[in-house]
Each structure stands twice: as structure tokens, then as C-alpha cells.
Amino acid sequence: MFSGLRFTSLRLRLVVVFALVALTAAVSASGIAYWLNREAVLTRTQDSALNDFRQEMQNRAATLPLHPTEEELRRTAEQMAGGSSGYSVLLLGERAAGKPIIGASDPDTFTLADVPAALRVAVDTERPVTEGNDHPYHLFWQRTERGRTPFLVGGTKIDGGGPTGYMFKSLDAERADLNSLAWSLGIATALALVGSALLAQAAATTVLRPVHRLGEAARQLGEGKLDTRLRVSGTDELADLSRTFNSAAESLQKKVDDMSAREESSRRFVADMSHELRTPLTALTAVTEVLEDEQDSLDPMIAPAVALVVSETRRLNDLVENLMEVTRFDAGTARLVLDDVDVADQVTACIDARAWLDAVELDAERGIVARLDPRRLDVILANLIGNALKHGGSPVRVAIRTEGQELVIEVRDHGPGIPEEVLPHVFDRFYKASASRPRSEGSGLGLSIAMENALIHGGSITAANSPDGDGAVFVLRLPQDPDAVDADPDAGPDATDGGEQGEVEER
């Protein structure tokens, strides 16, 4: 019934609370019932025995002579103990002044040594007769134990110098009855505990089933199933909660649909704009190439303007190409064209194509081969190395190594580093560094595009400052074989009664 429950489970906690409440109530009720029955049984037995003993003392012991013989005491004690109360009797008298004698109904069962000293003192103490006290001697009793058996001991003395009598009654039968009662109450408590657990389980099932459905619906909603709704029945608080959930889900779905529509519209606008710009840019690029070829023969007053037009046209062309690449990533249409690539040769080719050989140091072993998209790797390297050259300081060092099944390419510059407030944003689109690093003439999309190209390979790029404080370090990590990562079944979702000794009491 409770298999699979965690300690933090609401169902288990509900069952435990029910059980504890039931256990507390059952134990309290059983304890009170036991205590009341115990007192009733002991008081009834005690009153019956003491009343009978007092009557026997008045009827038999009081008729004895002032100085009885031992035989008279023994015979009277036997007569007093012969009733139905089932106690033993001990009588103490004096055959002469200062010469005590004892008569016992059963010397093997009850002797003077069984009488507690405190009880003997209380019985022998003579009290003054007053308006509130008619007799100098009273009947006293005490519960005690001998071995493991409980006993009731009572005693009194005949007024006017008669004998002193003690009674001794076993309470073993009453203890047995009370033990049986305790067992019965214990069984009733256990049954109440089991019953409460069953009731708690039934209540938990009734209450938690809607909660479970709500949790399952929330999970589906979190997974993107925005059309998830709960069936509402009843008018209780859980029904109100289900209605609130449905209302929130409907509102969320509407907002997500609106945002998706706006995002799709924005993406389509950027893509359309980029495509539309390519035609005039092609013409502008051709014109600027002609102007650039003729720049040396132009009027010195016009040459700077021509140089500016050429530079800005190239920058605009790069921006349009970057925007088109970004829209492909956003639309999910970017695809890898994998090939076995010698990484060192690829990095060398990237540096050589951009005339960076004099400014870049390459630390790479030959023969490191990875299955990558060469064009996208070139885009990543061009952006990382170009960023280091623009914002850092020469020389820029590129180190290539492998760690397990990962290819690691580290690009380090020797500039002022990246401010701590800038580090979290270096891969954000259109983000440019603060004044602490020289302002770039780029679009602010380069590092973002590099990160997208790394992610599509199943890799990542991290940016940090060098531990020795000399420059920034960008680390590119790519799987050497993306297909193997995607096929890995263990890859995560981001991979492609004892007796009592009582006080002496007077009765």
C-alpha cells in the first residue's frame, strides 16, 4: 500500500498524521480507561476487605480478654480469616505488661515482618479524642509488594487496651484482571491505528488524486503542451484550483501564440529585408570595387569619401550576411555538412586566408582529426581570432588539444581582459564591450554566431580572463564526432505493572 512512497510524499505525511492523531487518541483513551478501571477494581477489593476486617475486629477481637492467651489469639485470627474476603490475620496482644504475644491465622503466609514499619507506627499511635475524632485508634492501610506479588496490608487497634490486628490480602487476582484489561486495550489501540492508516490512505487517495492530475497537467504545460486542460467537477477548493489552472493555461497559450506570431513576423521581416538588401548591395559592392581600384587617381578631396563608402559598404554587406545567418539559426534551418577535418590545417587555413599569420601563434599537433563542418568551424575561428586581434593585444595564441572525446581550441590574447560586468554578455547579439575595451566597428553578431555554430555541433564556447591577468581566454569545445554523441543512449537531453509501594493511608 505504501510501496514507492518517499518520506517527503504528501500521501505518506497524511497517513502518518492520521496515524499519530489516532494513536494519541487511542493511547489517551486506553490510558484513561485503564486508570479508571484499575482504581475501581482496587478500591472495590480494598473497601470490601477493609470493611470486613473492621467488622471482624469489632465482632471477634473486641471480645477477647484484656490479656488473652496465645491460643485465644490464634483461634480468633483463624476465625477472622475464615470469611470470604480471603485475607490472613495477625493479632498482637499482651499476656502481661510488656510481654507481647502473637496469634496468626497462617504463620507461613503472614508474619509481623510483612507489616511495613510506617503502618505499624500509624496503627500504634494514639490520637486525642475530640469533637472531630471519636476514637483514639483508626484503621490504616497500605499497598505493598512481596516478591512480584502485590498485597494490601491493613491494621487497627481495639480501643481500651484490646489487641492490635493486621490483615494481609493478596491482590494477584486483581493484577491478572488488570493485565488482561491492558492487553485488550493494547489490541484495541493497534486496531485503531491500523484503521486510521486505512482511512488515511482512502482520504489521501480521494484528496491527492486531483492534486496528482494537477501536477501532471503542470508538467505537460511545462513541456510545451499548452493545450493541456483539467476536467473540472464539483464545487470544492480543488475544483476552484482546477478552474484557475485552466484559466492560467488558456491565458498562457494565448500569450505564447501571440509572441510566436510576433517573433515569426519579426524573423520573416529580417529575412525578407536581408534578401531584399542583397540586390542593391551587390550593385554597390561592384561600384565600390571600381572606385577602390581608381582611388589613387581620384581627387585628394574625394578620396577619403570614397574610402569611407567602400569601408561602410563592406561593413553593410557583412551585416546583411550575418543577419541572414542568424535568421537561419532562429528558423532552425541551419544544417551541418560534416567532414573529417585536420584541425591544425583548418586553423592554419583560416589564419592564412585573413593574413593573420604574423599576429597569431599556433600551438597544435598535426594529425588531430575531427568530424566537423569545415565552413562553420572557419566562421567560429574567424570570429574568435578576429575578436582577440581587435579587442585584445598581440600576439594572439591559438592552442589545440584533445580531452577525451572532445576537441578543445583555446584562443588567448594579451590585452586588458574583459570587465567582469561584460563577461555574462559577450555572446549576446548586438552587444559591444564597454569603454574599457576599444569599441568595435563590427555588427555585434560575431561572437553570437560563433556560439550558435558551436551549439549546432553539440559543443560550447566559454569566455574568461586569464588567471595571471594578462588578456582574455576563449575556449571552444567540440565533440570529435557529433554523430557518436547523438547516438549515445546515456547522453543527456542537451547532447545532440510492577507493583507499587504506597504511602500509609488512613481509612
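Select Leu92 to begin: across from this residue you will find Thr164, which belongs to strand S5. Keep in mind during the tour that you are looking at a predicted model.

**The strands around S1**

Now widen your selection to strand S1, residues 88–96, together with strand S5, residues 164–170; the two run antiparallel and are joined by 5 bridges.

Move on to Val16, Leu20, Leu23 and Val27. Together they make a nonpolar surface patch with about 310 Å² of accessible area. Click on Val27, which sits in helix H1, residues 10–59. Is Val27 buried or partly exposed? Its relative accessibility is 47%, so Val27 counts as partly exposed.

**Pairs of opposite charge**

Side chains of opposite charge can pair when their charged atoms come close. In the whole structure, a search finds 18 salt bridges. Let's visit a few of them.

Select Asp114 and Arg146, whose side chains meet in a salt bridge at 3.0 Å, N to O. This pair links distant parts of the chain, 32 residues apart: Asp114 lies in the loop between S2 and helix H3 (117–124), while Arg146 is in strand S3, residues 140–146. With 34% relative accessibility, Arg146 counts as partly exposed.

Your next stop is Asp340 with Arg371, a salt bridge whose closest N and O atoms are 3.4 Å apart. Asp340 is in strand S6 (residues 339–342) and Arg371 in strand S8 (residues 369–372), so this pair too links distant parts of the chain, 31 residues apart. Arg371 counts as partly exposed, at 29% relative accessibility.

Then pick Arg477 and Glu406, where the closest N and O atoms of the salt bridge are 3.3 Å apart. Which strands does this pair link? Arg477 belongs to strand S12 (residues 472–479) and Glu406 to strand S10 (residues 406–412), 71 residues apart.

**Helix H9**

Finish at helix H9, residues 446–456. Of its 11 residues, 8 are buried, so the helix is largely enclosed by the rest of the structure. Among the buried ones are Leu447, Ile449 and Met451. Just after H9, select Gly458, which takes a positive phi of about 85°.

How values were computed
Residues are numbered from 1 along each chain as its sequence is written. This is a predicted model: local features need pLDDT of at least 70, side-chain atom pairs count only at pLDDT 80 or more; totals for chains, interfaces and linings use all residues. Side-chain values use heavy atoms; hydrogens and water are left out. Buried means under 20% relative accessible area, exposed over 50%, partly exposed in between (1.4 Å probe, protein chains only). Helices (H or I, at least four residues) and strands (E, at least two) are DSSP runs, numbered from the N terminus. Patches are made of residues with over 30% relative accessible area and no salt bridge: like charges are joined within 9 Å, nonpolar side chains (Val, Leu, Ile, Met, Phe, Trp, Tyr) within 5 Å. Accessible areas come from the Shrake-Rupley method with a 1.4 Å probe; for residues, only the protein chains shown count as cover. A salt bridge is a side-chain nitrogen of Lys or Arg within 4 Å of a carboxyl oxygen of Asp or Glu. Two strands pair if DSSP finds at least two bridges between them.
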